[in-house]
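Here is a friendly walk through the model shown below. Keep the viewer open as you read, and follow along from one heading to the next.

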Amino acid sequence: MQASFYLQLAIAGISVGSVYALIALSIVVPFKASGVLNFGQGELATLGAYAALVLSQYGLPYYVVAPVVIVSGAVIGLVMERVLIRPIIKAPAFTVVIATFAIGLAIKSAIALHWGDTPFSVEGPFGDEPIVAGGLRLNPTSLWIVFCAVAITALVGCFFKYARPGKAMRAVSINPEAATLMGIKVNGSYRWAWAISSSIGALAGLLVAPVVGINPEIGGLILRGLVAAVLGGFSSVYGAVIGGIAVGLLETFAAVGLGGTVKNLAPFLVLLLLLVFRPYGLFGSREIHRV
Amino acid sequence: MQTSKRVLLRCAVAACALLAIGAGAGSYPAYLISLAMVNVIAAVGLNLLVGNSGQISLCHSSFMAVGAYSSSLLASTVGLPFWASIPAGALVAAIVGALLGLPARRLSGIYLALATLGFLQIVQIIIEEFSDITGGVRGLNTAKPALLGTPLTSYGIYCAVTVVCVAAVWLAINIKRSRIGREFDAVRLSPHAAQALGISVARVKLTAFSLSAGYAGLAGGLFAILVGFIDPNEFGIGSSLKQLTYIVVGGLGSIGGSVVGAALLSGLPELLRPIKEYTDFAAALILLAALLFMPHGLAAAWHRVTPKRGKTTGDVPA
């Protein structure tokens, strides 16, 4: 009984953490490629959720909605990169941080203008009937989220390892100048990064919609995503995913063991502690210079 | 005339003019002007940290919350009068700012942005969760300010805000021209060079955080007595971005810029009143447009049309 209770909790934590992992992944990919940390990334998830809402209102089935959401996320990412990010990519950190925040705020308030603050509830693709297996009650939506997170991580990992554009992106992130001399188009690599990250963000929104309901505040997920990214070391794809799952587990177990206040505070206390003692995360490489 | 005397004279003239305007204007315009002055105090403090010492802060509104809540609680529980509780609140905020400055000394760029964002969340959660003290999400009614037993009229509050605001701006001008201000500039332009010249970068960052938190705490305390009600919503990330918009539009590193930016943009919600729901959207677009097309703000534009002053605002902080 006790063991199965903890197992059940762990599965819940991993499922929550999978969403954080996807958000963290969508933060880390462009950061790795172009050094831009997109604080507006959470709003891509909001956009994904609302895109799913609009599409399913047309009566389209889930297996059509999901790819369309992912592709439209990629398109929005491309537009954002070209119109808003590229002009300031060389600007000081302050400008980039605040600008990406402003982009997120603009998207969020535009959505709130059109749809209002009332949440829309949607059903998961596989219903809400729990699957009972070996004394465990598993929510199919949670399982689907975990499956998607694992699949996307594997895809992104393979993309960076084997695919030509992925390898090019790694080259650009190590040394943009040398990469340019080898005939790699740096801007092309930035475009890939933003398209990938925005489609992952949109997917995260689509996945989380049945769990939290579609509302303009979905973008707040980015806070946990950022904690996960810092935990994972900001530059590593797998680190971000492990970080996300760790944050999910931390929240779930803190909620049961120590109550709601601790559950809400824990991720941010961890963030502050990490930034003080290990700013390069648990898996990242040391790149902070002290004066 | 000596510069310091000229500054003092100008501030005194500004104070008299504001007091006269407040006496002549109706109570609602006067209320709006005092809100704008509270924003000016917060913006001036933020600009010392962001524009002058070149740090990134996303948690200025949290220090405002610390000032607002601690001064209100000191007034309601200990019974401190407003002229003591507001400075006390500012002091508490300055101390909390120094505490955040301790870890923040070692961070820069996005890592500092992340740390301050984390701190903002922690303050929000603490206000929301400890609702038996802070009132939680339902907010806190603040005690009516009184002087020698008689409650302050709305013009009385206006006068208090005006005096504090002008004094805060005057102090900031002098800080900027003092050794501390020059150290801020040195740390922003090149931390390595500053360190090599014997300036302790860590101490300067700590001073900047603490000072700017003190300004925010002062603004928070005044905000609490002015509005009479505070809730955590008022001090979220949206407010931090609003304050950053003031100084980006006004000009990073420029005190005149902070004053003009805060004063102009405080009027925005009033201007957009007929299409109120567009306020947030408009604010985000203004911030974005200012960053993309006018990164040095109105102050740089002002110096361009009056080149005889010949001062540039310097680089946007990294």
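Predicted model: local features only at pLDDT ≥ 70, side-chain atom pairs only at ≥ 80, totals over all residues.

Which residues make the contact between H5(A) and H6(A)? On the H5(A) side they are Phe159(A), Phe160(A) and Lys161(A), and these meet Gly166(A), Met169(A) and Arg170(A) in H6(A). Sorted by type, the residues of this contact are 3 nonpolar, 1 polar and 2 charged.

## Chain A as a whole

Chain A holds 11 helices and 2 strands. Read from the N terminus on, its elements follow the order α-α-α-α-β-β-α-α-α-α-α-α-α.

How does the radius of gyration of chain A sit beside that of a compact globule? For 291 residues such a globule would have a value near 19 Å, and chain A has 19 Å, so the two agree. The C-alpha trace of chain A spans about 60 × 50 × 35 Å along its principal axes. Buried residues account for 49% of the 291 residues of chain A. Among contacts in chain A with a separation of 6 or more, 75% join residues 24 or more positions apart.

## Chain B as a whole

Chain B has 15 helices and 4 strands in its secondary structure. A compact globule of 318 residues would have a radius of gyration near 20 Å; chain B has 19 Å, which agrees. Taken along the principal axes, the box filled by the C-alpha atoms of chain B is roughly 55 × 45 × 40 Å.

Of the 318 residues in chain B, 52% are buried. Contacts in chain B with a separation of 6 or more come, in 78% of cases, from residues 24 or more positions apart.

## Where the chains meet

## The nonpolar core

The largest nonpolar core has 190 residues. Those with the most contacts inside this core are Leu25(A), Ala102(A), Ile41(B) and Val44(B). Helix H1 (residues 2-34) of chain A gives the most to the core, with 15 residues.

Ala102(A) is worth a look in the viewer. Neighbours within four places in sequence aside, Ala102(A) is in contact with Ala284(B), Leu287(B), Leu288(B) and Leu291(B).

Val29(A) lies in helix H1 of chain A. Is Val29(A) buried or exposed? Val29(A) counts as buried because it has 27 C-beta neighbours inside 10 Å, and the cut-off for buried is 20 or more. Not counting residues up to four places away in sequence, Val29(A) touches Ala193(A), Ile196(A) and Ser197(A). Val29(A) and Ile196(A) are 167 residues apart in sequence, with their C-alpha atoms 7.7 Å apart in space.

Over in chain B, Ala68(B) is found in helix H3 (residues 60-78). Ala68(B) is buried, with 31 other C-beta atoms within 10 Å. Leaving aside neighbours within four places in sequence, the contacts of Ala68(B) are Gly89(B), Gly220(B), Gly221(B), Phe223(B), Ala224(B) and Ile230(B). A separation of 6.5 Å lies between the C-alpha atoms of Ala68(B) and Gly217(B), which are 149 residues apart along the chain. Ser190(B) sits in the loop between helix H8 (179-189) and helix H9 (191-196) of chain B. With 15 C-beta neighbours inside 10 Å, Ser190(B) counts as partly exposed. Ser190(B) and Val201(B) are 11 residues apart in sequence and 10.0 Å apart in space, C-alpha to C-alpha.

Terms used
Residues numbered from 1 in each chain as written. Chains lettered and ligands numbered in written order. Contact = placed C-beta atoms within 7 Å. Nonpolar A, V, L, I, M, F, W, Y, C, P; charged D, E, K, R; others polar. Core = buried A, V, L, I, M, F, W, Y, C linked by C-beta atoms within 7 Å. Buried ≥ 20, exposed ≤ 12 C-beta atoms within 10 Å, placed from the backbone. Rg over C-alpha atoms; globule rule 2.2 N^0.38 Å.
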